[in-house]
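Subject: Model handover

Hello,

Here is the model we spoke about. My notes follow below it.

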Amino acid sequence: MASSCNTTAVAAGLRVTLEPVVDLAALEADWDALAPLCEHSFFNSWAWIGCWLACLPAEIQPRVLRAEENGQLIGLGLLTPRKLRRHGVVRSRVLCLHETGEPALDALRIEHNGLLLLRGREELLARAIVHFLDEDPAWDECFLGGI
């Protein structure tokens, strides 16, 4: 899977990126700053997401999906890349939202899953993110478990 940062401007002033987690403390600060401005469940709080990240084996490396408008953070999520083989034949490159795609590691299921999206901007952001992921040839599927 590609390790580079993917970026697209999906609307005037709106930018979506998908990049490796580099600085966990900075991600936590961004998460905690955005969360109060979003409708979300406990499963999308840093209390859950931070614990999940801390428990992941080193070889599992989620990527940060960020949405910014005019430089202001308005959307966040973590997508984990995974290669699957469906029916023993069809290969698929998958991104899993707040999960690993590994059944043994995802046995403790996330519930009420979703992206952190700025309140009042959810529909616009969801459309922009779907467009961003659809335009990226590195992925075949996006698995949104627990939504």
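Predicted model: local features only at pLDDT ≥ 70, side-chain atom pairs only at ≥ 80, totals over all residues.

Strand β4 (residues 72-86) pairs with strand β5 (residues 90-97) in the antiparallel sense, over 8 bridges. Strands here are DSSP E runs of at least two residues, helices are H or I runs of at least four, and both are numbered from the N terminus. Two strands pair if DSSP finds at least two bridges between them. Pro81 has Leu95 in β5 as its bridge partner. The β4 and β5 hairpin has 3 residues between the strands, and His87 takes a positive phi near 55° there.

Side-chain values use heavy atoms, leaving out hydrogens and water.

Strand β3 (residues 63-69) pairs with β4 in the antiparallel sense over 7 bridges. Ala67 stands opposite Gly75 in β4. Gly75 also stands opposite Leu117 in β6. β6 (residues 116-117) pairs with β4 over 2 bridges, again antiparallel. The β3 and β4 hairpin has 2 residues between its strands, and Asn70 in the turn has a positive phi of about 50°.

Now helix α3 (residues 122-135), which has 14 residues. Leu125, Ala128, Ile129, Phe132 and Leu133 are buried in α3 (under 20% relative accessible area; exposed is over 50%, partly exposed in between; 1.4 Å probe, protein chains only). On the other side of α3, Glu123, Arg127, Val130, Asp134 and Glu135 are exposed.

Best wishes

Key: Residues numbered from 1 in each chain as written. Expected span 1.5 Å × (residues − 1).
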